[in-house]
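Here are some exercises to work through with the model open beside you. Try each task before reading its solution.

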Amino acid sequence: MLTLLPVLLLCVCAPACCVFQTLYCSIADSCDCDFRPNVRELEWDLYKNVYGQHLAQEVLSEEVARFVADKAPKRPLVLSLHGSSGTGKTLVVGMLVRHLYGSAMSSPFVHQFIPTLHFPAGGHVQLQRKTRQMWTVVVQEQLKSWVQGNLTECAHSVFIFDELDKMAPGLLDVLEPFLGPSHVVFRTNYRKAIYIFISVAGEEVINKAALEQREAGRDREEMTSAELQDAIAQAVYDNPTSGLYNSSIVRQKLVTAFVPFLPLCRRHVERCARAQLCQRGACGRGEVAVAAAADMLYKPSPGNYFSSSGCKSVPAKIDLLL
């Protein structure tokens, strides 16, 4: 009889713990309660709704799955997304945070930094007159305080840095201590955070590789992300208009993965158009999707293999055609 006691207690305590946790989460503003990563749903979403980006699908699925499965990660997850405008970078980020936090971008634990919005140059004219270096130091201190404050609130914080090509070089270097394997503050493990950089820098390297693949008669799905990692890292490090220009983040290899977004072909643009039509309740208007894709500009010449603006102009084209 005594041997059954531990089993009985376990049966009673387990549901009780679950009930108490549910009750706690119903009244507490806790990121541990809200952080419910669903990697399988993320993988399905990427597969179903992102077109022509097998490299991004593979890298994101693998890196996110590996990171969330590790209860004590050695360092934060740092993803740097690169590619031409309209290839799906922003779309993918939305999917990622939606499958980490159900409330997605509206979650209080998901933070987005846009340089033209948060630190517009026009708002620091007097500071810039003194010296650009002084302005950078002031902004870095604000950025550091912002990141550290949010991490203190939630170790699982997600930080999105958009438009890196419009960010002052050197600004992001203030994040270096947060991205390494050893930075821990009282009651907060900085290694559980996720950082996402978004930039068009490196698009030349990516587009060139895709073009060479096409002209060699090889399937684009045969390309691997490993082929592009070092080339993208070097390209953004050497690019004066990149927020990672000469950055210690790149030099210290603190980026977990550089995620390449390939230029889109006409068939991918047509799929984007079909998806847009279905969202408008017009799934049967396949001829509109074909016409929208045909009306886009393509490059390079000769060949005209890739859409100049990806899927970005598709909604406007459909507005004109419907």
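**Exercise 1.** Which residues in α13 meet which residues in α14?

The model is predicted, so local features need pLDDT of at least 70, side-chain atom pairs count only at pLDDT 80 or more, and totals for chains, interfaces and linings use all residues. Residues are numbered from 1 along each chain as its sequence is written, and side-chain values use heavy atoms, with hydrogens and water left out.

*Step 1.* Find the helices, which are DSSP runs of H or I with at least four residues, numbered from the N terminus (strands are E runs of at least two). Helix α13 covers residues 266-279 and helix α14 covers residues 286-294.

*Step 2.* List the contacts, meaning heavy atoms within 4.5 Å. From α13 come R266, V269, E270, A273, R274 and L277; they meet G286, V288, A289, V290, A292, A293 and A294 of α14.

*Step 3.* Sort them by class, with Ala, Val, Leu, Ile, Met, Phe, Trp, Tyr, Cys and Pro as nonpolar, Asp, Glu, Lys and Arg as charged, and the others, Gly among them, as polar. The contact of α13 with α14 has 9 nonpolar, 1 polar and 3 charged residues.

**Exercise 2.** Describe how α3 packs against α5.

*Step 1.* Take the axes as lines fitted to C-alpha atoms over the stretch in contact, with angles from 0 to 180 degrees between N-to-C directions. Helix α3 (residues 39-49) and helix α5 (residues 89-98) have axes 9 Å apart, at an angle of about 155°.

*Step 2.* Name the arrangement: α3 is roughly antiparallel to α5, a term for angles over 145 degrees.

*Step 3.* L42, D45, L46 and N49 of α3 make the contact with L91, V92, M95, L96 and R98 of α5.

**Exercise 3.** Follow F161 through its aromatic pairs.

*Step 1.* Rings of Phe, Tyr and Trp (its six-membered ring) pair if their centres lie within 6.5 Å; planes under 30 degrees apart are stacked, over 60 edge-to-face and the rest tilted. By this rule there are 11 aromatic pairs.

*Step 2.* F113 and F161 have ring centres 5.6 Å apart and planes at 45°, so the pair is tilted. F113 in strand β2 and F161 in strand β3 are 48 residues apart.

*Step 3.* W146 and F161 are edge-to-face, 6.3 Å centre to centre with 90° between the planes.

*Step 4.* Compare burial (buried is under 20% relative accessible area, exposed over 50%, partly exposed in between, with a 1.4 Å probe and protein chains only). F161 is buried at 0%, whereas W146 is partly exposed at 28%.

Methods
Parallel < 35°, antiparallel > 145°, perpendicular 65-115°, else oblique.
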